[in-house]
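Please keep the sequence and the structure in view while reading.

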Amino acid sequence: MRSEVARMRQQVAAEYLSAKLGLSGLAYGTSRHRFITARMEQMGETLESLSQVVGSKDEAMQIIAETLQEVPEKATRHEIVSVLQHELGESEATQHLLDYIKEMWETIDLLRERFGPEATHKIIEAPTCHPSTEGIGS
């Protein structure tokens, strides 16, 4: 029972963090309202399952409340990786994407160390081509 409760707590935390990240752009390309609603519905389903496991809806609500209080205001890289894995599922494609993200973070850290945060931001946000050269050679 303990491992099942721990698994459900982890699932609730991932759903909640996923919904929070949806507010800040992780759900790009989808309706944010629909995305967040779906996450909250999944948390509701987990509440029902947890109620059956622990034998009481009140106890399940308490566990979920405690779990949500433990979710940090700002997600760490590790938590973002966990949420992405939760959202995208366990697959080779997901693992490749997560590897690319981790490499990206390493690169950003090296840039910050070498050039500082302001120059790093300029490097990262540089356009793919100069607007006046768009269409040339295409």
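The lining of the largest pocket divides into six nonpolar, six polar and four charged residues. In this scheme Ala, Val, Leu, Ile, Met, Phe, Trp, Tyr, Cys and Pro count as nonpolar, Asp, Glu, Lys and Arg as charged, and the others, Gly among them, as polar. The model is predicted, so local features need pLDDT of at least 70 and side-chain atom pairs count only at pLDDT 80 or more, while totals for chains, interfaces and linings use all residues. Residues are numbered from 1 along each chain as its sequence is written, and side-chain values use heavy atoms, with hydrogens and water left out.

**Pockets**

A pocket is an open set of points on a 1 Å grid over the protein atoms alone, where a 1.4 Å probe fits and protein lies on both sides within 12 Å along at least five of seven lines; lining residues have an atom within 4 Å of a point. A volume is the space filled by probe spheres set on the points, which are joined across faces, edges and corners.

| Largest pocket | about 370 Å³ | α1 (2–23) and α4 (77–88) |

Of the 16 residues that line the largest pocket, Q10, A13, A14, S82 and V83 lie nearest its centre. The second largest pocket has R77, W105, I108, R112, P117, T120, H121, I124 and E125 in its lining. By class, these are four nonpolar, two polar and three charged residues. Helix α6 gives the most to this second lining, with four residues.

**Fold and surface**

The protein chain has six helices and zero strands, where helices (H or I, at least four residues) and strands (E, at least two) are DSSP runs numbered from the N terminus. Of its 138 residues, 26% are buried, that is, under 20% relative accessible area with a 1.4 Å probe and protein chains only, whereas exposed means over 50% and partly exposed lies in between. Among contacts (heavy atoms within 4.5 Å) between residues at least 6 apart in sequence, 58% join residues at least 24 apart. The chain exposes about 9900 Å², of which carbon and sulfur atoms supply 54%; accessible areas come from the Shrake-Rupley method with a 1.4 Å probe.

**One residue**

A38 is found in helix α2 (residues 32–54). Because its relative accessible area is 26%, A38 is partly exposed. A38 and A19 are 19 residues apart in sequence and 8.7 Å apart in space, C-alpha to C-alpha.
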